[in-house]
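Me: Please take a close look at one part of this model for me, the place where the chains meet. Keep it brisk and spell out the cut-offs.

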Amino acid sequence: MRKLALPLGVLLVMVWCLLPIAWIVSLSFKSQDAVSNGTDPGFLPLDSFTGWDNYTAVWDDDQFRRSIINSIGISLIATILSVALATLAAYAIARLEFKGKRFVLSTALAIAMFPVVSLVSPLFDLWRQFGLYDTWPGLIIPYMSFTLPLAIWTLSAFFREIPWEMEQAAQVDGATSWQAFRKVIVPLAAPGVFTAAILTFFFAWNDFVFGITLTSTEAARPIPAALSFFVGPDPFQRPAGLLAAAAVIATIPIVIIVLLFQRKIVAGLTSGAVKG
Amino acid sequence: MTTTIATPATKAGDIPPEVSDRTRAENRLGMKLVAPALIVMLVVTAFPILRALWLSFYNYSLTAPEDRQFVGIDNYVTALTDSLFWRDIGMTVIYMLVTVAFELVIGFAFAMIMHRVIFARGVIRTSILIPYGIITVVSGFAWQFAFTYQNGFVNGWLPFVSADFNWFGDTVPAVIAIMVSEIWKTTPFMSLLLLAGLAQVSDDMIEAAKVDGATWWQRLFKVILPNMRAAIMVAVLFRALDAYRIFDNIFVMTAGAQNTESISFLTYRQSIEQFQLGMGSALAVLLFLSVLLVAFLIVKLFRVDLAQARGES
């Protein structure tokens, strides 16, 4: 009995994590008819298997393709910008003594706790006046302010672990300061920066509130917002099969990143929030 | 710290001038390096919230922008005396308390499993990151379809529920469905934070308690949990504030129907759907203040020491 507890526990965790994923994949292979009439309830698409029909239908949808491109572009740009600024800030926090260090860390913490919806009505009004409403920069800017705290905390936790004296040691051994920086510090800091970038990207990719409030057309609407407004051919019935196929496509990048960088993500999540 | 930067002569025991120059240079460099990040953060949060504060004193509807009119604290009075506001606040607090409680218990069980497991460590960690990484809207849809009686599997799997039970027809079942989706998505994050805390509890202490004859429960409550208090508190604080902002799942699963609306949803509905920017801004300010209050209460009540949790002291 005791010996069985652990494997059972592992199985339980796996079922917990993967069941809804399996379900949405299963749903994406069911025909629209069966889903809306409820003729094939249950988990697997037994009587209503349609192959890749839902996927090709979604992929042929211009709005869906546009929103995927928007999401990738906006999230990537926001990630690059905010990780770049956060790296400078985190370097200063980890290595230098200066006034206002605590202020920066507490501001970052306060913003991380900020209710996003509070900003929506003023930004909605401001962005319309500045011409930023329904544009890429109109989402990139708010995403940056919300991903910066996460990136600063994660990176400063990482940078605190770096033995910075090694840079001087390399210089004593005859390296120029640029060589010392490039050959010693960059390899030590790069994994942390990369991890912060992954977490930041997840954050931006997952945003919903800004996505639905600061856009109105496919010009800038990201994928989570597009999914929630996805109507399909019949406006009175949510197109479950199509929606599931679209959701699976939107989830694939996340699954790939998780599969490739599982170890780094865990390190980043825990060091930023707990260890310090 | 001496402030004799201007005096060139150095007596023995004084800090040499080059050191304080260096300190000043470091100070300047530090400020320059953090400035861009700080400015971006403040411009997009402090400025809009100040503007929200200003707008909240106006009767300002986007459908009639010319009629904007200063009304003082009228919007606040209207909100605070409306039962809808308090119902949504109450609903939000319930979402927060119930989801965080479940996440804490299930997350801790998962953390214990992950801590003990030697085989398949990579596989289990990869699976646990999938709910964390997935878009909340997608998990909302997955659970919504799972709970609908026409094509979901939940009714078929639960023995005490009839096959045509409509989860979204009444407040309590609809709230349960929303909470399930929220708990599913965020428990992995909680369990990873708790796993990190668990790793900091020394095995020697647990071993010593075992030798002294402590039972499994005694070891858990007297040794393990007290020693990971900081990690638990930080995890609870972060998750509670996050849960208090609940929006995505409600939007997707019920769109606020059956009284499932949260305070974030009410704010969104007033400002974006009904274009009442004045009223919406007042609600945004109240939402902001209530988050501050929740944060303050958690920090005071549980005596969370954030600096200590970060290993700064």
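Reply: The side chains of B:R51 and A:D125 meet in a salt bridge, with N to O at 2.8 Å. A salt bridge here is a side-chain nitrogen of Lys or Arg within 4 Å of a carboxyl oxygen of Asp or Glu. Across the interface of chain A and chain B, the rule finds one salt bridge. Over all chains the count comes to eleven.

This is a predicted model: local features need pLDDT of at least 70, side-chain atom pairs count only at pLDDT 80 or more, and totals for chains, interfaces and linings use all residues. Side-chain values use heavy atoms, with hydrogens and water left out; residues are numbered from 1 along each chain as its sequence is written, and chains are lettered from A in the order in which they are written.

Now the interface as a whole. In chain A, 101 residues are in contact with 96 residues of chain B. Contact means heavy atoms within 4.5 Å. The two chains, A and B, bury about 8800 Å² between them. Of that area, 78% is on carbon and sulfur atoms. Buried area is the accessible area (1.4 Å probe) that two parts lose on being put together, summed over both.

Chain B also has a salt bridge of its own. B:R24 pairs with B:D21, the closest N and O atoms being 3.7 Å apart. Both residues lie in helix α1 (residues 17-55) of chain B. B:R24 and B:D21 are three residues apart, about one turn of the helix. Helices are DSSP runs (H or I, at least four residues), numbered from the N terminus.

Note on methods:
Helices (H or I, at least four residues) and strands (E, at least two) are DSSP runs, numbered from the N terminus.
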